[in-house]
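User: Hi, could you help me read a structure that I have just opened? I would like to go through it piece by piece.
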Amino acid sequence: MLRCLRELEESQWWPPERITELQSERLQRLVLYSYERVPHYRRLMDGRGLSPGDIRTVADLPLLPVLTKSDVWDHTDELLASTFPRRALLYSRTSGSTGSPLAFYSSRQGRWSHGFARSLRALQWAGVYPGDPVLRVIERGGFVGGAPLGRLVRLFSREYFEDPVRFTDASLPAVVDRIRQLRPQALRGYASALCIIADFIRSSGQQAPEVGAIVTGGEQLFESQRVLLREVFGREPFSKYSSFENYDIAMECEEHAGLHVAAEDLVVEVVDDEGRPLGPGSIGRVIVTNLHEYGMPLIRYDTSDEGSLIEGVCKCGRSLPRLSAVIGRTGGTIYTPSGKRLSTVSLDSSGLVPLGIRQFQLVQEQVDHVTVNVVLGAEAAATDPQALIAWVQGQFVDWLGHDVHVDVSIVDRITPTTAGKHMYLISNVRGSLSE
Ligand SMILES: [Zn+2]
């Protein structure tokens, strides 16, 4: 793992051509291996008349189809490499809290050595180094990677935990006190959970505890949340994108201008509904190929997340490609009667902050009907509720279009999922890409 980290520390400064070259080499090796050792890919490539030599660069990848979660579900055994006895692989399961649960396998090398090294490099961009105190706001059961990785993490860092599922008005003062005492180099967690803390600090009128950095992950960081965290803690949050299947994928650097993909280890494509790659600026499905997973190779794996690639070079000097904000499984897409497909990432919710709206959630019951549930903070008391509702309604009609009827409902709380995540969009309307 430390060797992998050292390599990543160097390669992040390489020119783009050199990173592309490394990607191609690793991709060729993975494709050849998958053809020889993984029945699913052998069958797939034979069926399409492809040989491993046909896939030499990332540009050749679309010759292979996108691998969906249901493909993994249906072909688990055929996706395992014959090289590895099953007992040598790590078995993991997604929690299924926000979608359908999925079981999959990974190699120790792919997950622990490379995956953990990516995570450490990402934290370095936020100024967090092994051994620094870190407070993680995460439900214990949701600790990514399970117990062995947890032990490994604790060898290298001083990690402390707070469980957001237990947050109440009565428990939050103690949480804030704990942050004050620990003075963590990083406060990490779901954006929505960190915002509950930030909002409590703000509404109780106290001074925010000192933290070195704010690192959000596991769900989309909305603009309104970014503003709240920045204002309360005086730090620009770092948004990190990771998944259960591929561990760390991308994270913001100190420029906060998109999320740099760990392109040495992963190929990230953004594709349309037919699996065709989209250019920078177009929002589509995020497809990941992990170049180091040889136990259960996932080539062109559909994360069910959405995002877009960013054009140009980052000011930080790293040529690693960048993703826009990624819409996680808690966000999603709204389809409207006129055929619009609106990603929740395109919703600018920063206007909701000054109104005193703490949380919101969109529920799309029908293609032409959306209910916006809002939770109000104390500062909203000064506003006339009818005026506030009308204003919120106007904001969402502007965004969705006049063919969607918008109702606004003021609620006491929005129930998080069992994993403690906050669902921004609950939709009964399915798009053309069903899961
Ligand atoms: Zn950068």
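User: Is Cys253 buried or exposed?
Analyst: In this predicted model, Cys253 counts as buried because its relative accessibility is 0%, where buried means under 20% relative accessible area, exposed over 50% and partly exposed in between, with a 1.4 Å probe and protein chains only. Residues are numbered from 1 along each chain as its sequence is written, and side-chain values use heavy atoms, with hydrogens and water left out. Local features need pLDDT of at least 70 and side-chain atom pairs count only at pLDDT 80 or more, while totals for chains, interfaces and linings use all residues; pLDDT itself is the predictor's confidence in each residue, from 0 to 100.

User: And which atoms are the protein donors of the zinc ion?
Analyst: They are Cys253 (SG), His260 (NE2), Cys314 (SG) and Cys316 (SG), which lie 2.1 to 2.3 Å from the zinc ion. Donors here are N, O and S atoms within 2.8 Å of the metal (3.2 Å for Na, K and Ca), and because water is not among the atoms, sites may look incomplete.

User: Changing topic, how many residues of helix 9 are buried?
Analyst: Eight of the eleven residues in helix 9 (residues 223–233) are buried, which leaves the helix mostly covered; among them are Val227, Leu228 and Phe233.

User: What covers them?
Analyst: The cover includes strand 5 (186–189), helix 8 (191–203), strand 6 (213–216), strand 7 (238–243) and strand 8. Just after helix 9, Gly234 takes a positive phi of about 70°.

User: How many helices and strands are in the chain?
Analyst: The chain has ten helices and 20 strands, and 56% of its 435 residues count as buried.

User: What is the mean pLDDT of the chain?
Analyst: The mean is 86, and 86% of the residues reach 70 or more. Over residues 95–100, however, the pLDDT is below 50, and this stretch has ten contacts (heavy atoms within 4.5 Å) beyond near neighbours in sequence. Where pLDDT is low, the predicted coordinates should not be read in detail.

Key
Helix = DSSP H or I, 4+ residues; strand = E, 2+ residues; numbered from the N terminus.
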